[in-house]
Amino acid sequence: MTTSVRRVIIIGAGAAGLAAARRLREHGIIPIVLEARDRVGGRVHSVPFPDKGCMLNLGASIVHGAEGNPLTAAIEAAPDISMIPFASNVVIPRPGAPPMSVDDSNRFIEAEAEALESLRPPANPKQGGDSIADLIHPALAQVAAKYGIEAELMRCNIDAIVSQYADDLDKVSSRQLFDVGEFEGGDYMVLGGIWGALHAFAGDAVVSSVRLNHEVTHITHSGADVRVRTRQHGELSADAVLVTVPLGVLKAGDIAFEPPLSTRRQQAIARQGFGVLDLALLEFSEVFWPAEADYLVTLRPSDVTDPAVLNDLLPRDAVPFVSYTTVMDRPLMLCFLNAGLGVQLEECTDEEVAGLFERHLKRYFPHASSTRPVRCRISRWLKDPYAHGSFSYFSVGGDGLGNISALAAPCLVAGGASSDISSPIQADQDHPSNAPALFWAGEHTHELYYATVPGAMLSGQRAADEILAHFGQLPL
Ligand SMILES: Cc1cc2nc3c(=O)[nH]c(=O)nc-3n(C[C@H](O)[C@H](O)[C@H](O)COP(=O)(O)OP(=O)(O)OC[C@H]3O[C@@H](n4cnc5c(N)ncnc54)[C@H](O)[C@@H]3O)c2cc1C
């Protein structure tokens, strides 16, 4: 068989699917990429906001660490896209109180980072597993005492890091603090939209080849090839299929597998966390917040007890914002709607959300002439039928890394049952390269950079290499 007749289908055109398609093409295989939505990019979703001249993100929006990050390389290769480091933080400690200065705010945020860095795996883990909340609160209290910072403010502010985990810190395993890779070099805003960078990385040929509006409903891998059924366009078959749909889609059981997936994989799908982070893009008539801030956070300490005030506040101890004023000179902000706040606001219209922000911000900036957004757009990742949430995390008590290894393992059919092989597959592994096989990628399958765009990109490249090795075209 010549290499050109190897048929590969990739399901999903997000960062993982696009990276895999690019890699396969580099090795002479032109895959068919099926995408359920009417757009490419998945959870990388850049939109013109507030007008065509400005691309902001409703999904991934920050580069976490630049060095060695494949997303950095993609941004550098893309025209009109740039990365700006976060420099100035502003903490607004309570409604009606003046914002802390940038210097004090930076010290406050650095103290919190010091508390996080000081954490070590507990010598005597709790029965049922420790959460991040279990570990972090004692460390915060120590750091607050060391630097003379009000401990209650530090307790509130830790709520802001929920945006990294997409669920409340008492639900996230403390293992996620230790079993994770980090690129060096701080956090960066991306100007011009992350989609432009991913598009430049994947290339026009890959992006224009994606078959949009192809929602996959069934995958059968028991015969001579793998058959993929779509809701709109019938059935296709291939020698290998790469599944990159989000963990939320696998959890929802939206794709039927025949034979059923292995018990180990089904358990990993059920046990790995998949949480909610939404974003609100906000345009105001003028800048009423400290114009020098790149990052702002409003806090709600427990001494705020006036029901009239509490009724006006968004229901989180910390509500974090990115301000684009320093870099674009426009009254634009992005707000992270963490966990339950995202779930709640997804039920509201954009108009209602604008009203909630108006009241919340008026409590923190009482002298502003208007805090009502003139434009507001929020993401709705939980309601999105092709995501069912935002990204994966390690649940308390679960085996996060073990789950990733189960989710990443390719599978073949042996004796009528789905059988997983370890990932990455070995070139000399005893498996017939003609057997139809299922491969897996997506942020939830990367053992170091899960929950991120670079993790998804790297998982797609790994899965493409596995497919090539399976076909005997690339020794691993
Ligand atoms: C609000 C938010 C903020 C984030 N912030 C950051 C950040 O700042 N930095 C960062 O690095 N990462 C961030 N992430 C995470 C990052 O966006 C993801 O990890 C990454 O984009 C996932 O890529 P993927 O290819 O694994 O999945 P996806 O991008 O979800 O791609 C999977 C594709 O499969 C398609 N699909 C689903 N079901 C079917 C079906 N049945 N048939 C066919 N196709 C289907 C989907 O439509 C989608 O296009 C954020 C995510 C969210 C939601």
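This is a predicted model: local features need pLDDT of at least 70, side-chain atom pairs count only at pLDDT 80 or more; totals for chains, interfaces and linings use all residues.
Local features are reported at pLDDT of at least 70 and side-chain atom pairs at pLDDT 80 or more, while totals for chains, interfaces and linings use all residues. Residues are numbered from 1 along each chain as its sequence is written, and side-chain values use heavy atoms, with hydrogens and water left out.

Helices (DSSP runs of H or I, at least four residues) and strands (runs of E, at least two) are numbered from the N terminus. Axes are lines fitted to C-alpha atoms, for helices over the stretch in contact, and angles run from 0 to 180 degrees between N-to-C directions.

**Helix α3 against helix α4**

- Helix α3 (residues 102–117) packs on helix α4 (residues 132–147) at an angle of about 135°, and their axes are 9 Å apart.
- The two helices α3 and α4 are therefore oblique to each other; angles under 35 degrees count as roughly parallel, over 145 as roughly antiparallel, 65 to 115 as roughly perpendicular and the rest as oblique.
- The crossing of α3 past α4 is right-handed; a crossing is right-handed if the near helix is turned clockwise from the far one by less than a right angle, and left-handed if anticlockwise.
- From α3, Ala111, Glu112, Glu114, Ala115 and Leu116 meet Ile136, Ala139, Leu140, Val143, Lys146 and Tyr147 of α4, contact meaning heavy atoms within 4.5 Å.
- By class, the residues of the contact of α3 with α4 are 8 nonpolar, no polar and 3 charged; Ala, Val, Leu, Ile, Met, Phe, Trp, Tyr, Cys and Pro count as nonpolar, Asp, Glu, Lys and Arg as charged, and the others, Gly among them, as polar.

**Helix α1 against helix α8**

- Helix α1 (residues 15–26) and helix α8 (residues 194–202) have axes 9 Å apart and pack at an angle of about 20°.
- Helices α1 and α8 are therefore roughly parallel to each other, and α1 passes α8 in a left-handed crossing.
- Ala15, Leu18, Ala19 and Arg22 of α1 meet Trp195, Leu198, Phe201 and Ala202 of α8.
- The contact of α1 with α8 comprises 7 nonpolar, no polar and 1 charged residues.

**Helix α2 against helix α17**

- Helix α2 (residues 70–77) packs on helix α17 (residues 453–470) at about 95°, with the axes 8 Å apart.
- Helices α2 and α17 are therefore roughly perpendicular to each other.
- On the α2 side the contact is made by Pro70, Leu71 and Ala74, and on the α17 side by Val453, Pro454, Met457 and Leu458.
- The contact of α2 with α17 has 7 nonpolar residues, no polar and no charged.

**Cis peptide bonds**

- Phe49 and Pro50 are joined by a cis peptide bond with omega of about 0°; Pro50 lies in the loop between β3 (46–48) and β4 (55–57).
- A cis peptide bond also joins Glu258 and Pro259, with omega of about -5°; Pro259 is in the loop between β13 (256–258) and α11 (263–271).

- Ala166, which is not a glycine, has a positive phi of about 65°. Ala166 is placed in the loop between α6 (162–165) and α7 (175–178), and at 1% relative accessibility it counts as buried (buried is under 20% relative accessible area, exposed over 50%, partly exposed in between, with a 1.4 Å probe and protein chains only).
- Asp329 is another residue other than glycine with a positive phi, near 55°. Asp329 lies in the loop between α13 (325–328) and β18 (332–338) and is exposed, with a relative accessible area of 68%.

**Ser392 and its surroundings**

- Ser392 is in strand β20 (residues 391–393) and counts as buried at 2% relative accessibility.
- Ser392 and Gly273 are 119 residues apart in sequence, yet 5.4 Å apart in space, C-alpha to C-alpha.
- Apart from neighbours within four places in sequence, Ser392 is in contact with Leu247, Gly273, Phe274, Glu443, His444, Tyr450 and Ala451.
- The side chains of Ser392 and Glu443 make a polar contact at 2.7 Å; a polar contact is a pair of N or O atoms within 3.5 Å where, within protein, one must be able to donate a hydrogen and the other to accept it, and residues adjacent in sequence count only if both atoms are side-chain atoms.

**Asp312 and its surroundings**

- Asp312 belongs to helix α12 (residues 307–312) and is buried, with a relative accessible area of 18%.
- The side chain of Asp312 makes a polar contact with the side chain of Arg363 (2.9 Å).
- Not counting residues up to four places away in sequence, Asp312 touches Leu356, Arg359, His360 and Arg363.
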